[in-house]
Amino acid sequence: MRAPGDGHGTTAGEVLLAVEGVSLSFGGVKAITDVSFDIRKGEIRAIIGPNGAGKTSMLNVINGFYHPQQGRIAFKGETRKRMRPYVAASQGIARTFQNVALFKGMSTIDNIMAGRTLKMKTGFFWQCLRHGPALNEEIEHRKFVEEIIDFLEIQAIRKMPVGKLPYGLQKRVELGRALAMQPDLLLLDEPMAGMNLEEKEDMSRFIIDVNNQYGTTIALIEHDMGVVMDLSDRVVVLEYGRKIADGTPAEVSADQKVIDAYLGVPH
Amino acid sequence: MDILYKVLIDPFVQMGAAPDLLVQTVWEGLVSGVLYALIALGFVLIFKASGVFNFAQGIMVVFAGLTLVGFHEMGVPAILAVILTLGVMFLLAVSVERVVLRPLVNQPDIILFMATFGITYLLIGFGELIFGGNPKRMIAEELYLPTGSIEFQTLGGFVQLQKIDIAAAVIAAIMIAALAFFFQTTRIGRALRAVADSHKAALSVGISLNQIWVIVWFTAGIVALVTGIMWGARSDVSFALQVIALKALPVLILGGFTSVPGAIVGGLIIGIGEKIGEFYWGPLVGGGIESWLAYFIALGFLLFRPQGLFGEKIIERI
C-alpha cells in the first residue's frame with residue numbers, strides 16, 4: 001500500500017466539486033453548520049468524524065438527496081440550484097450507501113446494468129420490441145458490465161439474486177453499479193463497514209484501482225482510521241456538523257482538535 | 001351426520017356424476033378468474049413501483065371503457081377510438097403524477113391511499129358528467145371481437161364456450177406475456193423493477209421516479225382499457241363494474257401484493273373457487289355465496305399466510 005498522502009501527484013488538480021458555507025438543518029436539529037471544502041480532480045478525499053458528525057448528511061447534500069438551507073455547491077465549476085438525485089447522476093455523480101441499497105430481487109448483472117440506465121438512449125418504441133437498435137445497445141452495455149464484473153472479481157455470482165449474497169459481496173456489487181455509471185465523482189459511504197480484514201483489504205485495493213485505472217475522483221466516508229490514512233490524499237474532519245480540520249492524513253492526525261474529538265477532552 | 005354428508009361428500013358425488021357440468025363450471029370460473037387477474041395486475045403494477053395501493057384501478061377500468069364507447073358514439077371509427085382512449089389514459093397518468101403523486105412524495109402510504117380514493121370519486125363524478133349514468137353497450141363487434149359460442153359434446157354432455165371468453169383469455173395471456181417480457185429484458189423494464197426494489201438506490205443511478213410513475217400509471221391504464229373492453233363485452237360498461245373490481249382485493253391477498261404471477265394465479269383460484277363453491281355448495285345455504293366466498297378465502301390466507309402465495313415474506317433484521 002502507498003504511504004499516507006503521497007497523492008500520486010494529483011492533489012494539485014483542478015477543483016471538481018466545491019462546497020461553500022453549506023448549512024443543513026432538520027427542524028431544530030442542525031446537521032451541518034457552515035461547512036466549506038473542495039474535492040479536486042483525481043484525488044481520494046476522505047470525510048471522517050465521530051458518529052452523528054454529519055458525514056452522511058454531507059454526502060446526501062452533494063448527491064442531491066438533501067437541499068441545504070444555506071451555502072452553495074459547485075460541480076465542475078457550475079453552481080447548482082435545487083436539484084434532484086437523478087440530475088446529480090446525469091451530471092456524473094455516483095454513490096453507494098451506508099446500508100447497502102441494492103435491487104434485492106434482481107441479479108448481479110441486472111443491478112449493474114441498472115447503473116447503465118443513463119447511458120442507454122434508444123427510445124420507448126424499440127425498447128418495447130427489443131429489436132434493432134435496442135438489442136445492439138443492450139449487447140454493447142452488457143460488454144461493459146462484464147468488464148466491471150471481471151474487474152471486481154465477481155464472475156461467480158453474476159446470475160445470483162443479490163438479496164441472497166453475503167454482505168461483503170453486496171457491497172462489491174453496489175460499487176459495481178456505481179462504476180457502471182462511469183462517474184466523474186464517486187461517493188462511497190462507509191464502503192468497508194461491517195467487513196472483516198480480508199474483505200477490507202480487497203475493497204481498499206478496488207478503490208485504489210478505480211482511482212488509478214479510471215482516474216475517478218473519490219470521496220469516501222470511513223471509520224477505520226488505518227484505511228483512511230492509507231487510501232486518502234486529503235481528509236476533512238467533521239464534528240457536530242462543523243468542520244474542525246482539513247488537510248493531508250498526516251496533518252489531521254496530528255491536529256489537537258481532531259485528537260480531542262476522537263478521544264474526548266477532560267473537563 | 002346428514003349435514004356432514006351434504007357438505008363433505010355429496011358435492012363430489014355430483015361432480016363425478018356429471019363431469020360435463022363440472023367442466024362448464026370450471027370454465028366459467030376460469031373466465032371470470034382471468035378478468036379478476038387483469039384487474040389485480042393493474043393493482044400490482046402500481047403497488048410495486050410506487051408502494052401505493054391504487055383504489056382507483058376499478059374506476060379506471062370503467063372510465064377507459066366509457067371513454068372508448070363515448071368516442072365511438074361521437075362517430076369515431078372503433079380502432080381510432082381505441083387509440084384516442086389510450087391517449088386519454090396517458091393524459092390521466094401524467095396528471096395523476098403531476099397533481100397527486102409529486103406533491104405527496106415521501107408522505108405516509110395511508111395519505112397516498114386516501115388520495116387514490118379522491119381520484120376514484122373524481123373519476124366517477126367526471127365520468128357521469130360526460131357519459132351519463134346509464135350502462136352502455138361495449139363496441140365488441142366493431143373491434144372484431146368474436147361473438148356467439150362453440151359447443152362440443154364431451155363427457156356425456158354438452159359444454160358451451162362463449163367465443164368472447166376464449167378471446168378474453170387469449171388476449172389476457174398475450175398481454176401478460178408481453179408485460180413480463182418487457183419488464184424482464186429492457187432498460188425501462190429494468191428501471192421499473194429497480195424502482196420497485198428501492199427508491200433511493202434507483203434515484204442514485206439516475207432513474208427519474210416521476211418518469212417511471214407516468215409509465216407505470218399509463219401501463220395500468222392500458223391494462224384497465226383491455227379489462228374494460230373484455231368485461232364490457234360480456235355484460236355492459238357501467239359504474240357497477242368498479243364494485244366488482246374490489247374482488248381484486250382477495251385476489252391480491254391470495255397471490256401477494258407484489259407478485260405478477262401471484263395476481264394471475266390468485267385471480268384464477270378465486271374465479272374458479274367462486275363458481276364451484278356457488279354451484280355445488282351454494283344450495284346448502286340458499287345460494288349467493290359467490291359474492292362473499294372470495295373474501296372468506298382471503299381471510300383464511302390472512303390468518304395463515306399473510307404474505308400470500310407468491311408475495312415476499314418481510315423479515316425485519318433487528
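**Confidence**

I began with chain B, where helix 10 (residues 241-244) of chain B has the lowest confidence, at a mean of 76, and helix 4 (residues 78-101) of chain B has the highest, at 92. The score here is pLDDT, the predictor's confidence in each residue, from 0 to 100. Helices are DSSP runs (H or I, at least four residues), numbered from the N terminus. Chain B averages a pLDDT of 84, and 97% of its residues score at least 70. For the model I noted ipTM 0.76 and pTM 0.78.

A reminder to myself: this is a predicted model, in which local features need pLDDT of at least 70, side-chain atom pairs count only at pLDDT 80 or more, and totals for chains, interfaces and linings use all residues. Residues are numbered from 1 along each chain as its sequence is written, while chains are lettered from A and ligands numbered from 1 in the order in which they are written.

**The core**

Next I looked up the largest nonpolar core, which has 161 residues; B:A37, B:A40, B:V195, B:I212 and B:V216 have the most contacts inside it. Such a core is a set of buried Ala, Val, Leu, Ile, Met, Phe, Trp, Tyr and Cys residues joined through C-beta atoms within 7 Å. Buried means 20 or more other C-beta atoms within 10 Å of the residue's own, with C-beta atoms placed from the backbone. Helix 9 (residues 209-234) of chain B gives the most to this core, with 16 residues. Domain 1 (1-92 + 183-267) and domain 2 (100-182) of chain A both give residues to this core, so it lies between them. These bounds come from an automatic or database domain assignment.

I then picked out B:I212: leaving aside residues up to four places away in sequence, B:I212 touches B:A49, B:A191, B:L192, B:V195 and B:I207. Contact means C-beta atoms, placed from the backbone, within 7 Å.

**Where chain A meets chain B**

Which chain A helix gives the most to the side that touches chain B? First, the contact takes 26 residues from chain A and 19 residues from chain B. Helix 2, helix 3 (108-114) and helix 4 (124-129) of chain A each supply at least two residues of chain A's side. Helix 2 of chain A gives the most, with four residues. By class, I find 15 nonpolar, six polar and five charged residues on that side of chain A. Ala, Val, Leu, Ile, Met, Phe, Trp, Tyr, Cys and Pro count as nonpolar, Asp, Glu, Lys and Arg as charged, and the others, Gly among them, as polar.

Key:
Buried ≥ 20, exposed ≤ 12 C-beta atoms within 10 Å, placed from the backbone. Contact = placed C-beta atoms within 7 Å.
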